[in-house]
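This report describes a protein model in terms of its helix packing, its sheets and some local backbone features. Please keep the sequence and the coordinates at hand while reading.

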Amino acid sequence: MRPHLTVLAVLLICVPVEAQSPSRIVNVEARRTTSLNGKWRAIVDPYENGYYDFRLQPSTDGYFLDAKPKDKSDLLEYDFDTSGQLDVPGDWNTQRESLFFYEGTVWYRKTFDCQSKPATRLFLYFGAANYEAIVYFNGEKLGSHTGGYTPFAFEITGKTREKGNSVVVKVDNRRHREAVPTVNTDWWNYGGLTRGVSLVEVPETFVEDYFVQLKKGSTDTIAGWVKLNGPRLRQRVSIRIPEAGVSASVSTDANGYAALSVPAKLTLWSPENPKLYVVVIASDTDSVRERIGFRTIETKGTDILLNGKSVFLRGVSIHEEAPFRTGRAYSPEDARTLLGWAKELGCNFVRLAHYPHNENMVREADRLGLMVWSETPVYWTILWENPETFANAANQLAESIARDKNRASIVLWSVANETPVGDARTAFLKKLAGQVRTLDQTRLVTAALLHHNDGGAAQGNTDLLDDPLGADLDVLGCNEYLGWYDGLPDKADHMDYKTIYTKPLIMSEFGADALYGLHGDPLARWTEEYQENVYRHQVGMLNRIPYLRGTSPWVLMDFRSPRRTLPDIQDFFNRKGLVSVRGDKKKAFYVMQEFYQAKQKEYQ
Ligand code: GCU
């Protein structure tokens with residue numbers, strides 16, 4: 001095979017540059033940014049020919065060099081400039097028919113000019129890339145990121161040139177047994193740069209991160225911290241909420257860190273009044289603004305208390321599937337549409353399943369007054385005893401908390417969905433729940449558990465929630481499919497839900513498939529009448545559970561799944577939506593709407 005080394009390749013071998021670990025930049029929308037969204041050149045590389053040589057050794061002159069032939073005799077077997085294009089943000093699966101089922105590597109390349117500024121640092125910021133991304137800049141490897149649903153950034157200060165900077169990203173969405181999620185999911189494995197990419201400018205020493213929420217259990221004290229990043233770590237940092245007359249300042253330590261505790265008289269955020277305040281955090285060298293809501297969320301026995309008052313979480317589960325066009329949702333419009341339908345259903349709560357959704361969703365939930373269940377994709381049966389799997393799950397959880405910890409809307413962090421009870425699994429999830437509490441003491445921890453029939457005296461009419469993980473959760477989530485995977489719709493009439501815990505329950509999934517517009521008798525599967533029938537029996541059963549404090553039926557809108565192959569009905573869609581992908585409301589939508597009107601009255 002051919003030995004071919006460019007000067008740059010030689011340089012990179014002789015003076016290898018240490019890859020960075022990804023940085024976490026929060027509240028990017030408040031920063032001076034340059035969007036790199038739009039058309040990117042893309043090379044589809046199923047054999048990773050751009051990364052490995054024919055001996056499967058990492059190649060030194062792969063596609064990441066974004067090279068050009070030196071002269072007419074020079075051999076180069078790729079060329080970004082004549083390759084096709086893909087839109088960013090966006091999954092590749094719905095952009096090209098040939099990539100609909102594609103799982104593998106795609107190389108993305110974007111060029112841009114850049115004037116470097118004095119005393120200014122520059123970061124390359126990715127909202128998300130599914131699943132593994134390796135990022136190169138002007139031929140140099142910056143670093144890599146694993147996990148398809150959380151942001152990451154790499155610093156490129158001092159690495160830019162005035163003209164023709166080249167960003168090359170190798171994105172690989174192949175599934176792996178040890179990954180998170182693992183190889184089987186009931187959602188489409190959309191690959192690509194699925195969320196926005198931008199250049200983020202910050203001062204040399206900048207406000208890297210901050211946590212500004214009400215102190216646990218208090219409605220009149222803000223507690224949190226600020227963290228500076230840069231050469232001048234010891235500074236005075238002020239926190240101001242002009243509208244509420246709050247103004248305080250703290251001194252950061254040698255690590256640029258300072259805790260803060262500030263008395264404040266605030267209007268509390270709630271679904272009825274989603275009050276957001278402009279909060280300004282400023283040091284001598286930097287200042288950043290953020291719209292933040294302040295509320296308390298806690299449990300008391302089987303109650304969930306929002307600002308000290310018992311609430312019922314009238315919710316719906318949502319996948320990050322784009323309404324109308326399908327594919328991975330990412331935009332503010334997608335968020336407004338999906339959350340708008342949830343509001344029409346009568347919701348004050350949404351379960352964003354099964355992974356952290358894009359930031360537009362949670363910020364829109366802040367504005368609309370929707371409480372949020374945010375989940376880490378520990379889904380079904382992952383490798384509980386694999387330490388890398390744990391580190392991966394823990395990192396995705398930490399990244400989502402880092403991004404969303406100042407969102408009033410987020411009230412629940414979920415560490416798992418439908419995982420099989422077992423010692424290794426329970427130990428894994430207890431540790432993950434512990435990590436949540438270390439990172440955020442202000443919110444509740446939950447998981448979507450499975451129940452089991454206790455097979456006791458009630459001869460199968462009692463489902464028991466006694467999963468040992470329940471002991472480490474503040475709120476129990478439970479998925480059940482009475483009337484769909486488990487019996488016929490009326491089975492719910494005879495079912496009791498018992499638990500060994502004195503904790504609030506959210507029925508985090510229930511429902512049935514129906515193809516919008518398909519009608520028939522209430523026992524004919526796939527019809528709207530069957531789905532409606534399931535919901536009618538469900539709400540009867542739900543009203544009989546004394547410690548039920550929330551519901552998030554599965555699911556707001558039909559979504560793509562590779563596991564759903566029934567022709568003319570599913571066609572690779574899970575049809576459990578209460579609305580179709582075009583927003584057509586199925587009959588069951590109105591059963592839930594009615595149930596929520598009653599719940600709203602009950603909890604007024
Ligand atoms: C499961 C799972 C969902 C899935 C749903 C279904 O409970 O959590 O991800 O889509 O059931 O089967 O429709």
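Which residues in H2 meet which residues in H7? Trp-341, Glu-344 and Leu-345 in H2 meet Phe-589, Met-592, Gln-593 and Tyr-596 in H7, where contact means heavy atoms within 4.5 Å, and helices (H or I, at least four residues) and strands (E, at least two) are DSSP runs numbered from the N terminus. The residues of this contact divide into five nonpolar, one polar and one charged; Ala, Val, Leu, Ile, Met, Phe, Trp, Tyr, Cys and Pro count as nonpolar, Asp, Glu, Lys and Arg as charged, and the others, Gly among them, as polar.

**Basis and confidence**

This is a predicted model, in which local features need pLDDT of at least 70 and side-chain atom pairs count only at pLDDT 80 or more, whereas totals for chains, interfaces and linings use all residues. Residues are numbered from 1 along each chain as its sequence is written, and side-chain values use heavy atoms, with hydrogens and water left out. The mean pLDDT (the predictor's confidence in each residue, from 0 to 100) of the protein chain is 95, and 96% of its residues reach 70 or more. Over residues 1–5, however, pLDDT stays under 50, and the model has 11 contacts beyond four places in sequence for this stretch.

**Helix packing**

The table lists helix pairs by the approach and crossing of their axes, which are lines fitted to C-alpha atoms, for helices over the stretch in contact, with angles that run from 0 to 180 degrees between N-to-C directions.

| Helix pair | Axes come within | Crossing angle |
|---|---|---|
| H2 (residues 332–345) and H7 | 8 Å | roughly 60° |
| H4 (residues 387–404) and H5 (residues 423–439) | 10 Å | roughly 30° |
| H6 (residues 528–542) and H7 (residues 587–602) | 7 Å | roughly 20° |

With axes that cross at roughly 20°, H6 and H7 are therefore roughly parallel to each other, given that angles under 35 degrees count as roughly parallel, over 145 as roughly antiparallel, 65 to 115 as roughly perpendicular and the rest as oblique. H6 passes H7 in a right-handed crossing; a crossing is right-handed if the near helix is turned clockwise from the far one by less than a right angle, and left-handed if anticlockwise. From H6, Glu-528, Glu-529, Gln-531, Glu-532, Tyr-535, Arg-536, Val-539 and Leu-542 meet Lys-587, Ala-588, Val-591, Met-592 and Phe-595 in H7. By class, this contact has seven nonpolar, one polar and five charged residues.

On the H4 side the contact is made by Thr-389, Phe-390, Ala-393, Ala-394, Leu-397, Ala-398 and Ile-401, and on the H5 side by Phe-428, Lys-431, Leu-432, Gln-435, Val-436 and Leu-439. These residues divide into 10 nonpolar, two polar and one charged.

**Sheets**

An open sheet of four strands has the order S1-S10-S5-S8, with antiparallel pairing; two strands pair if DSSP finds at least two bridges between them. Its edge strands are S1 (32–35) and S8 (152–155), each of which pairs on one side only, and the twist averages 30° from one strand to the next. Within this sheet, S5 (residues 120–126) and S10 (residues 197–203) pair in the antiparallel sense over seven bridges, and Leu-122 stands opposite Glu-201 in S10.

Another open sheet, of three strands, has the order S11-S12-S15, again with antiparallel pairing. S11 (206–214) and S15 (257–263) stand at the edges with a single partner strand each, so one side of each is left without a neighbour in the sheet. The twist here averages 20° from one strand to the next. S12 (residues 221–229) and S15 pair over seven bridges in the antiparallel sense, and the bridge partner of Thr-221 in S15 is Pro-263.

**Loops and local backbone**

The peptide bond from Val-88 to Pro-89 is cis, with omega near -5°, and Pro-89 is found in the loop between S3 (85–88) and S4 (105–112). A cis peptide bond also joins Val-180 and Pro-181, with omega about -5°; Pro-181 is found in the loop between S9 (165–172) and S10. Asn-138, a residue other than glycine, has a positive phi near 50° and is found in the loop between S6 (132–137) and S7 (140–146).

Thr-160, in the loop between S8 and S9, touches Cys-114, Ser-116, Leu-122, Phe-137, Asn-138 and Asn-165, not counting residues up to four places away in sequence.
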